[in-house]
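Hello,

Here is the structure I promised to pass on. My notes on what turned up follow below it.

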Amino acid sequence: MEHFIGAFKKFADFTGRARRTEFWMYILFYFIFYVVLAVVDGILGSFALTTIFSLVMLIPSLSISARRLHDTGRSGWWQLLNLIPLIGAIVLIIFYVQDSVEDNEYGGNPKAFAAA
């Protein structure tokens with residue numbers, strides 16, 4: 001949960017890098033909250049909660065995705081691949097699961113800081 005809250009605290013920070021753990025834990029909790037809200041919406045017969053949740057989480061999701069791409073040595077603009085149906089999402093998932101690269105233009109390797 002600390003990764004989700006940490007990503008939410010840096011909701012508009014598109015600089016720096018995010019490790020795989022931080023990114024995937026954020027995605028996991030996002031998915032859990034979304035499913036719970038979707039069930040509540042289904043019971044209530046509306047889609048208001050999931051819509052509001054998605055809109056609130058849009059900027060934090062974009063920022064953590066950009067930081068994850070920075071960690072793999074790519075620009076955050078690669079997120080525009082999501083506009084290509086199916087293929088774009090597959091390519092981005094491949095980028096997201098790749099290991100961190102050493103120091104790059106987006107900052108030092110976060111694994112080096114965690115090990116120290």
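Helices here are DSSP runs (H or I, at least four residues), as strands are (E, at least two), both numbered from the N terminus. Arg 67 is found in helix α4.

Two points on provenance. This is a predicted model, with local features needing pLDDT of at least 70 and side-chain atom pairs counting only at pLDDT 80 or more, while totals for chains, interfaces and linings use all residues. Residues are numbered from 1 along each chain as its sequence is written, and side-chain values use heavy atoms, with hydrogens and water left out.

Arg 67 counts as buried, at 1% relative accessibility. (Buried is under 20% relative accessible area, exposed over 50%, partly exposed in between, with a 1.4 Å probe and protein chains only.) Contact means heavy atoms within 4.5 Å. Not counting residues up to four places away in sequence, Arg 67 touches Ala 7, Lys 10, Asp 13, Phe 14, Thr 15, Gly 16, Arg 17, Ala 18 and Glu 22.

Ala 66 is also in helix α4. Its relative accessible area is 4%, so Ala 66 is buried. Leaving aside neighbours within four places in sequence, Ala 66 is in contact with Phe 14, Gly 76 and Gln 79. From Ala 66 to Thr 15 is 51 residues in sequence, but 7.8 Å in space, C-alpha to C-alpha.

Salt bridges

A salt bridge is a side-chain nitrogen of Lys or Arg within 4 Å of a carboxyl oxygen of Asp or Glu. How many does a search of the whole structure find? It finds five salt bridges.

Arg 17 and Asp 71 form one of them, at 2.8 Å, N to O. Arg 17 lies in the loop between α1 (2–9) and α2, and Asp 71 in helix α4, so the pair ties together parts that are 54 residues apart in sequence. Both Arg 17 and Asp 71 are buried.

Arg 20 pairs with Asp 99 in a salt bridge, their closest N and O atoms being 3.3 Å apart. Arg 20 is in helix α2 and Asp 99 in the loop between α5 and α6 (110–115), so this pair ties together parts 79 residues apart in sequence. Arg 20 is partly exposed, at 32% relative accessibility. Asp 99 is partly exposed too, with a relative accessible area of 41%.

Asp 71 also meets Arg 68 in a salt bridge (2.5 Å, N to O). Both lie in helix α4, three residues apart, about one turn of the helix. Asp 71 and Arg 68 are both buried. Salt bridges that share partners also join Lys 10, Glu 22 and Arg 67 into one network.

Helix α5

Which residues of α5 are buried? They are Gly 88, Leu 92, Phe 95 and Tyr 96. Seen down the axis of α5, these buried residues fall within an arc of 95°, so they line one face of the helix. (The arc is that of the directions from the helix axis to the C-beta atoms.) The buried residues of α5 pack against α2 and α4.

Pockets

The search used a 1 Å grid over the protein atoms alone. A pocket is an open set of points where a 1.4 Å probe fits, with protein on both sides within 12 Å along at least five of seven lines. Lining residues have an atom within 4 Å of a point. Points are joined across faces, edges and corners, and a volume is the space filled by probe spheres set on them.

The largest pocket holds about 210 Å³ of space. Its lining is Phe 14, Leu 62, Ala 66, His 70, Gly 76, Trp 77, Gln 79, Leu 80, Asn 82 and Leu 83. By class, that lining has six nonpolar, four polar and no charged residues. (Ala, Val, Leu, Ile, Met, Phe, Trp, Tyr, Cys and Pro count as nonpolar; Asp, Glu, Lys and Arg as charged; the others, Gly among them, as polar.)

The second largest pocket holds about 180 Å³. Its lining has eight nonpolar, four polar and no charged residues. α2 (20–44), α4 (58–71) and α5 (87–97) each supply at least two lining residues. The largest share, four residues, comes from α5.

Best wishes
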